[in-house]
Every structure is written in structure tokens, then in C-alpha cells.
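Let's take a walk through this model together, one region after another. Have the viewer open and follow along.

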Amino acid sequence: MSQVLYQAEITETPILRFAGQNFEPLPSGALFWHAQQTLLVADLHLEKMSSFARRGQMLPPYDTGMTLARLEADIRRTGAQRLVSLGDSFHRDEGTTTLSEADRARLDTMTGIAEWLWLSGNHDPRPHALGGQCLSQVALGGLTLTHEPRRGATGLVAGHLHPAAHIYFEGRSTRRPCFVHDNRLLILPAYGASTGSINILSPAFFGLFHWSGLEVTMLGKDRTYPVSPKRLVRG
């Protein structure tokens, strides 16, 4: 998709500028805040497939391992000293107790090498006993990090809505998860391996953003791509 559309015109590492801060948007859906040495991720939904299995839907429970492997690679790549998970880290509160031994060991290693902040989400509102701190939200570098976006907020970084952009360009269209902000509110894409996405032109996003200031950064296979809101289409 965008590999073809944009690779000729974009060669440098993209920078996402929001509320006076610079971030590096990663193709995994994580956001690296260099000034704070902090990696931001949203909506991991760990143990989603195992939760479905306990309810009779027998799906392969590999999503947690895939998500943690990706997260481990992002921590290694960025050298982040702090990680903030913006809520819905687990698909259900009890997911913290159903991790496999291998996944628990991998998570224990990661929480041991970086400061880890788990923010509560609508899927996992209760504190847990894993490594790190459990908080409802956190203020950092003049920004507020939380799970659910709020209308009229300023300097708010959130997840929850799993944003995706559908663009049309030179007779071709593609739909991918994205970062989206208007310099007041920034919403991260869902990071989890088994998460879906919602078009940012859908009713779930109505009233959240000032359209005149909208900036969209779409995830590609190996990099991220800024896209013009003029190219956005529904669906």
C-alpha cells in the first residue's frame, strides 16, 4: 500500500508533533517519546483469545505471545526506560492470572528492565499484582495519559477507540490502523495482535477532533506514513 505510494517521497524517520512534544510513531502502533525515554502503547488486549476459549469459542491462544514479542522488540529497539500502557492491557481483569508460564516470564523480564505504568481501561479496571504500577491516569511532561478520550480535552493522549484510516489515492484504496490528533487530543492505534479497528470517520469519533487541525499517521509494514485528511474515505 503506502510502501508504494509514499516511499519515493519519504525517507527520514517520521516525527509526530503533538502539544509541543515530539514523538516517533512506530509501525507496531507504539509511540516513542524520546524526551521522556517513554514508550506508549494502547489496547494490548492480552489474553483475549484465552478469554474467548473459556467462553466456548476455541480460537488459537497465540495473541498474547505475539503481542509481547512485538513489545519486547520495541523496548529493545528504542531503549525505553519507561513504558505506559494506556488501558485495556488485558481483555478481562482475570487475564492477569491466565498467562502461560512463558508469557508471564517474558512480561516479568520486561517489567524488570523498565519502569512500567499500567493505566486502567474499561476491559481491565481493577489493579493487579504484576510488575509495575497500576494507575487510572498519569501526568507526564505537561500531557495527561489516560484510556478513554474526552471531548474538549487539551494535551490528552488516549487509546480505547482503535483508530484506523481508510484512504483513496490514484485509483487505489487501503485501510490501516493509525495515530490521529488535532494538537489537543491524540489517540493511539490498538497494539494487540488480535484487536480490530474503527474508521476515524465513523460516529465513534464525532466531536472529538477539530477537523482543521487533524493530522493522521498511518501504520505501514516497515514504517509509518503521514496522510492528508483530504484522502480519507469512509468504510
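Two residues are in contact when they have heavy atoms within 4.5 Å of each other. With that in hand, Gln-36 touches Arg-82, Leu-140 and Gly-141, not counting residues up to four places away in sequence. Before we go on, a word on the ground rules. This is a predicted model, in which local features need pLDDT of at least 70 and side-chain atom pairs count only at pLDDT 80 or more, while totals for chains, interfaces and linings use all residues. Residues are numbered from 1 along each chain as its sequence is written, and side-chain values use heavy atoms, with hydrogens and water left out.

Now for the overall picture. The protein chain has four helices and 16 strands; these are DSSP runs numbered from the N terminus, with helices being H or I of at least four residues and strands being E of at least two. Of the 235 residues in the chain, 52% are buried. Here, buried means under 20% relative accessible area, exposed means over 50%, and partly exposed lies in between, using a 1.4 Å probe and protein chains only. Among contacts in the chain with a separation of 6 or more, 68% are between residues 24 or more positions apart.

Back to Gln-36, which sits in the loop between strand 3 (31–33) and strand 4. Its relative accessibility is 26%, so Gln-36 counts as partly exposed. The C-alpha atoms of Gln-36 and Gln-81 are 8.4 Å apart, although 45 residues separate them along the chain.

Move along to strand 4 (residues 38–41), where you will find Val-41. Is Val-41 buried or exposed? Val-41 is buried, because its relative accessibility is 0%. Leaving aside neighbours within four places in sequence, Val-41 is in contact with Ala-30, Leu-71, Leu-83, Val-84, Ser-85, Leu-86, Leu-188 and Tyr-191. The C-alpha atom of Val-41 also lies 8.8 Å from that of Gly-87, 46 residues away along the chain.

One of those partners, Leu-71, leads us to helix 3, where Leu-71 takes part in the contact with helix 4: on the helix 3 side are Thr-64, Gly-65, Leu-68, Ala-69, Leu-71, Glu-72 and Ile-75, and on the helix 4 side are Asp-103, Arg-106, Leu-107, Met-110 and Ile-113.

How do the two helices pack? Helix 3 (residues 63–78) and helix 4 (residues 101–113) meet at an angle of about 25°, their axes 10 Å apart. That makes helix 3 roughly parallel to helix 4, a label for angles under 35 degrees. The axes are lines fitted to C-alpha atoms over the stretch in contact, and angles run from 0 to 180 degrees between N-to-C directions.

Buried residues of helix 3 include Asp-63, Thr-64, Leu-68, Leu-71 and Ile-75. After helix 3 comes Gly-79, with a positive phi near 70°.

Asp-43 has a phi of about 55° and lies in the loop between strand 4 and helix 2 (48–54); its relative accessibility is 0%, so Asp-43 counts as buried. His-162 has a phi near 55° and belongs to the loop between strand 10 (156–158) and strand 11 (163–169). At 12% relative accessibility, His-162 counts as buried.

Conventions: Angles under 35 degrees count as roughly parallel, over 145 as roughly antiparallel, 65 to 115 as roughly perpendicular and the rest as oblique.
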